[in-house]
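Please look over the sequence and the structure shown below before reading on. The briefing that follows goes through them topic by topic.

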Amino acid sequence: MNNEKINKYSYWKANLKIVSILLSIWFISSFGAGIIFSDFLDKIKIGGFELGFWFAQQGSIIIFVLLIVIYCFLMNRLDKKFEASED
Amino acid sequence: MDVQLLTYIIVGAAFALYIAIALWSRASSTGEFYVAGGGVHPIANGMATAADWMSAASFISMAGIISFMGKDGSVYLMGWTGGYVLLALLLAPYLRKFGKFTVPDFIGDRYYSNIARLVAVICLIFISFTYIAGQMRGVGIVFSRFLEVDINTGVIIGMAIVFIYAVLGGMKGITYTQVAQYCVLIFAYMVPAIFISILMTGNPIPQLGFGSKLLTEDIYLLDKLNLVLNDIGFNSYTDFNKSKIDIFCITAALMIGTAGLPHVIVRFFTVPRVKDARTSAGWALLFIAILYLTAPAVSSFARLNFINTVDNTAYTDTPNWFKNWEDIGLISWTDKNKDGIIQYRSGNALEKNKPQFTSERGQYNQRLVLNNPSSNANEIYIDRDIMVLANPEIAKLPNWVIALVAAGALAAALSTAAGLLLVISSAVSHDLMKKTLKPSITEKQELFLARISAATAIIIAGIFGIYPPAFVAQVVAFAFGLAAASIFPAIVMGIFSKRMNQYGAIFGMLSGLIFTATYIIFFKFISPEYNTSEYWLLGISPEGIGVVGMIINFFVAIFICSITKPPPVEVYEIVDNIRMPEGDK
């Protein structure tokens, strides 16, 4: 393998790692906290919210926004490291 | 000034703004018509995506549905936002790098097959028309209630407006009108929510007011709502009623469907760079989240207000909005115990649920229905679609707020309709004509064809609006199942697996689409009497079945792919190329 190929391969591997970690958080916050463990979390109350209910109706959405922000940050850093950025 | 005059002024001003923007941003090439020349700023694209995305269903129906479903309604909140994470991480940057005009373009090139392209076109047209029917119906409801024109006339006015800016401006016109429409719709959604939050909880931030105590009593709003609901025979607002597996599958189908909707995906073709596609997805979700974090608050406010205003009130003492909605047939009251007082309880008030009105009036001047009353004590039928529209009136907000909500609802419906019309027209003129049937046409002819097909699509959409298949959100939910089962897996495998070949993709898409469509059509149209959990596959409702369709799609594709020959070398190069942000487009 030449250098360029190795470079492409490691870029893609690093990318897949970022994506899989972020998607695990995505799954845990929505399907986990919002649905599967929601009734259990409902026993904890913060202000007027039962926690499981809050995750299902607001918390998961806030986490989704943060996940994309983190993704943009990590990918821009990765692009720079591999000199793969477009500019 | 009275509500109607104010509504005419505010809606008229908004329409004038949209048309002015459309005239200023006319498209002169196919590139501008399909993807706005690829030069839209990521923040502007984020706003346009948010408006494109938030439809009549999000604006008009969603909070109403949640207010009657309680925690079960979370499927829409998570489902219609979570897909953006998938879109940003799995699709948008790669499709931007690919750099063509349409979703079938990608599928056709990646799977080196015009058959794959055609299958994608069929899925796309199917999805987009299902979705657009709901928008036109939303336009009709708003016109008939607030401008007091006939629903059909309302649909025709809506068609005319979309016609002007979609046909003239293409994606360029649509993008900049959508930016304006986002501003109108979010303002119109937030103002009444803030007012009501202050009135009920004293907290000016509705997203937090939702978890605050009531002003009138020392009790949290949600606890009060649970108490009131339990009192009149409903389950608690903050508990699930559907089965977990169904909640899980509906949420997943909506999320994956969002990521597979062609009119959303195509928005990421309009930004200049791969980096911008990622950022833009973040902006889009942020703009969407502003509404989606408010919606559950609005739902709980509305439900509590509705019960307080309606239950145990004499019919003759009900406020005007009650009678107005009754007049257009979205509320009905049947005085079962003959006391002249409204009792709101759980269960359907009428047999066959939907009221069939007669022309006669009862002793309190209420509209009478043909339906037999059901055996429970509930006397109220209410269409869930009206909660957001009626909310400002229920909370006695000033007239200009009511007018503003009408303008916001129209912005939401029209922006989504325009986005959908555009993908339909580009699928016909670009994928069907230019790439498949008649590659010899010039760019000018293609642009003309794009305009003709946009116009035709508008007329078909209008017919759907005048003869609507079912109520807004329900129709929209099906488009998601179909998108999740057909388009999403084909694109993801196209990016993340180099080995996936045309046979796998084609059979995968077809099996996912056919399975999901059959399941939905069987339970919704052929045998609706079997549409209960005991007959469903694994207890999954037609709304959530798209997930199973998607899994079938993946399995069929991987199996067929493993027994057929791998794709040619050029395809490996395409995949290598879209995986790296740098280099040729």
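Predicted model: local features only at pLDDT ≥ 70, side-chain atom pairs only at ≥ 80, totals over all residues.

In which helix of chain B does B:Ala427 lie? B:Ala427 belongs to helix 16 of chain B, which covers residues 399-437.

**Where chain A meets chain B**

- The contact between the two chains draws 35 residues from chain A and 41 residues from chain B.
- On the side of chain A that touches chain B, the elements giving two or more residues are helix 1 (3-36), strand 2 (49-50) and helix 3 (51-81) of chain A.
- Among these elements, helix 3 of chain A gives the most to that side, with 16 residues.
- Sorted by class, the side of chain A that touches chain B holds 22 nonpolar, 9 polar and 4 charged residues.

**The helices of chain A**

- Helix 1 of chain A packs against helix 3 of chain A at an angle of about 170°, and their axes are 8 Å apart.
- Because angles over 145 degrees count as roughly antiparallel, helix 1 and helix 3 of chain A are described as roughly antiparallel to each other.
- The contact of helix 1 with helix 3 of chain A has 18 nonpolar and 7 polar residues, and no charged residues.
- Helix 3 of chain A has a kink of about 50°, and this kink is centred on A:Gln58.
- After helix 3 of chain A comes A:Glu83, a residue whose phi is positive, near 50°.

**A hairpin in chain B**

- Strand 2 (residues 357-361) of chain B has 5 residues, and the number of them that are buried is 0, so this strand lies largely in the open.
- Strand 2 of chain B pairs with strand 3 (residues 367-369) of chain B in the antiparallel sense, over 2 bridges.
- B:Arg361 has B:Arg367, in strand 3 of chain B, as its bridge partner.
- The two strands, strand 2 and strand 3 of chain B, form a hairpin with 5 residues between them, and B:Asn365 in the turn has a positive phi of about 75°.

**A loop residue with a positive phi**

- Most residues other than glycine have a negative phi.
- B:Tyr112 is not a glycine, and yet its phi is positive, at about 35°.
- B:Tyr112 lies in the loop between helix 6 (103-110) and helix 7 (114-146) of chain B, and it is partly exposed, with 15 other C-beta atoms within 10 Å.

**Buried residues of chain B**

- B:Ala427, the residue of the opening question, counts as buried because it has 27 C-beta neighbours inside 10 Å, where 20 or more are needed.
- The C-alpha atoms of B:Ala427 and B:Ile196 are separated by 44 Å, and these residues are 231 residues apart along the chain.
- B:Trp53 is placed in helix 3 (residues 42-53) of chain B, and with 28 C-beta neighbours inside 10 Å it also counts as buried.
- If neighbours within four places in sequence are left aside, B:Trp53 is in contact with B:Val264 and B:Ile288.
- B:Ile331 lies in strand 1 (residues 331-333) of chain B and is buried, with 23 other C-beta atoms within 10 Å.
- Not counting residues up to four places away in sequence, B:Ile331 touches B:Phe322, B:Trp325, B:Glu326, B:Tyr381 and B:Ile382.
- B:Ile331 and B:Pro355 are 24 residues apart along the chain, and their C-alpha atoms are separated by 8.5 Å.

Conventions. Residues numbered from 1 in each chain as written. Chains lettered and ligands numbered in written order. Contact = placed C-beta atoms within 7 Å. Helix = DSSP H or I, 4+ residues; strand = E, 2+ residues; numbered from the N terminus. Nonpolar A, V, L, I, M, F, W, Y, C, P; charged D, E, K, R; others polar. Bend = angle between axes of the 7 residues up to and from the residue. Buried ≥ 20, exposed ≤ 12 C-beta atoms within 10 Å, placed from the backbone. Pairing = 2+ DSSP bridges. Axes fitted to C-alpha atoms, helices over the stretch in contact; angles between N-to-C directions. Parallel < 35°, antiparallel > 145°, perpendicular 65-115°, else oblique.
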